[in-house]
Amino acid sequence: MYDFNYHKPSSIDEAVALFIDLEDAVYLAGGHTLLPSLKLRLAAPTDVIDLAGIPGLGDIDYAGDDLTIGALTAHDDVATSPVVQSVIPALSALAAGIGDAQVRNRGTIGGSVANSDPAADYPAAVLGLDATLVTNQRSIAVDEFFTGMFETVLEEGELLTAIRFPKPEAAAYVKYPNPASRYATVGVFIARTTKGVRVAITGAAPSVFRATEMEAALNVDFSENALAGISLDADMMNEDLHASAEYRAHLCTVMARRAVAQLS
Amino acid sequence: MSISVSMNVNGKAVTQECPANTTLVDLLREKLQLTGTHVGCDTSQCGACTVHMNGRAIKACTILAAQCEGAEITTIEGLGDANNLHPMQEAFRECHGLQCGFCTPGMIMSAVDLVNREPSLDETIIREGLEGNICRCTGYHNIVRAIETAARKMRN
């Protein structure tokens, strides 16, 4: 890890102002992607802006059927929050399955979502639940948020501050975890909402995506059988040493069927 | 950039000057000579560097010392000593919950956090709770037995 200047602002405005002023700055949340990247010298920022000194970024609130989770909330806090467990149990279960206990104590929901790792769990929940991403400058509908592998619409210096989840009628997340890292080889999040069924898939493709063919089938008939004839295109899938593209395409339907089974 | 960080380590107030890119585990081992916390993989996978930060198990290789400003850190040295072992350390000895011993400090720190957090433990919960700790000797069976034994003692 190259050396850098370290800053710990105490407000969002101060953090953003630092980011704009400094030569090549990065925000630091839980650090569980950033610090390994710095060690590998995949990133070499001049300045690191630690967000931990900003009050309120780790809060969980439930009001008016919206569950709002601060961007700096650790995975373990989402997993063990009685509010999250009662409003969207699928979200607390997802958080409980990320990485391992020590990682869940430090890694944050905002860090994970802003990073848009193709194999991360949270993007599936954010997209599946039709969440809104709140930043220091605007609110972003999730259907516009994820744009590619490690890419989002967040602008330079724009800071994700909270994620707002509307309460679904029901939701489930099923993943086939990588046996070593627990990242999703394929993870499928299915939510039944007042606006219809949403199916979001992570791990399979360069970015989390909605399986619209599955959504259409489930809107007609919410059953495992409705998915039986659906196979996603292997050409759009990732392929690596963990799983071939064909296997990932196959897992998408299998995990989706298991999620539907949980909800039936 | 050199920074000054202050934290509480094993009950003692500590202030150190260090480069901003110093990780907590490097501060513990190189500056404070607390070498019971080990570095195995240095990539937040093996868990040999596990310590407690404000009571929660974390991987000390994946946090900057600067991020621990004002925190309470407990390392294996703060848990007990040779004449006054923590029940978890005692149970690892009794059950022979180690082979080479390299992973043991991290295993013990994770295990203490697990017992403190989980109201009831069974073998499945213990094995899942140790997912962030890797033993290259693969001596997991006795580690699980040690944690079951210690949990009973810690609850009494």
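In the predicted model, A:A170 stands opposite A:R192, a residue of β12(A). This pair belongs to the antiparallel arrangement of β11(A) and strand β12 of chain A (residues 184-193), which are joined by eight bridges. Strands of a sheet pair through backbone hydrogen bonds, in either a parallel or an antiparallel manner. The sheet in question is open and consists of four strands of chain A, ordered β11-β12-β13-β14, with antiparallel pairing. Because β11 (170-177) and β14 (209-210) of chain A each have a single partner strand, they stand at the edges of the sheet, and one side of each is left without a neighbour there.

Two helices of chain A lie across this sheet. Helix α10 (residues 245-263) of chain A lies across β11, β12 and β13 of chain A and runs at about 40° to β12(A), whereas helix α9 (residues 212-220) of chain A lies across β13 (196-202) and β14 of chain A, at about 150° to β13(A).

To the contact between them, domain 1 of chain A contributes 13 residues and domain 2 of chain A contributes 14 residues. On the side of domain 1 of chain A that touches domain 2 of chain A, helix α1 (residues 12-21) of chain A gives the most, with five residues; by class, this side has nine nonpolar and four polar residues, and no charged residues.

For chain B, the domain assignment gives domain 1 (2-78) and domain 2 (87-155), with C-alpha centres that lie 21 Å apart. Here 15 residues of domain 1 of chain B are in contact with eleven residues of domain 2 of chain B. At least two residues of the domain 1 side are supplied by each of β3 (50-53) and β4 (56-59) of chain B, and the largest share, three residues, comes from β3(B). The residues of this side of domain 1 of chain B divide into six nonpolar, eight polar and one charged.

Between the chains, the contact takes 18 residues from chain A and 21 residues from chain B. On the side of chain A that touches chain B, the elements that give two or more residues are β1 (5-7), α2 (34-39) and α6 (101-106) of chain A, and the largest share, five residues, comes from α6(A). By class, this side of chain A has nine nonpolar, five polar and four charged residues.

Terms used:
Residues are numbered from 1 along each chain as its sequence is written. Chains are lettered from A and ligands numbered from 1 in the order in which they are written. This is a predicted model: local features need pLDDT of at least 70, side-chain atom pairs count only at pLDDT 80 or more; totals for chains, interfaces and linings use all residues. Two residues are in contact if their C-beta atoms, placed from the backbone, lie within 7 Å. Ala, Val, Leu, Ile, Met, Phe, Trp, Tyr, Cys and Pro count as nonpolar, Asp, Glu, Lys and Arg as charged, and the others, Gly among them, as polar. Domain bounds come from an automatic or database domain assignment. Two strands pair if DSSP finds at least two bridges between them. Axes are lines fitted to C-alpha atoms, for helices over the stretch in contact, and angles run from 0 to 180 degrees between N-to-C directions.
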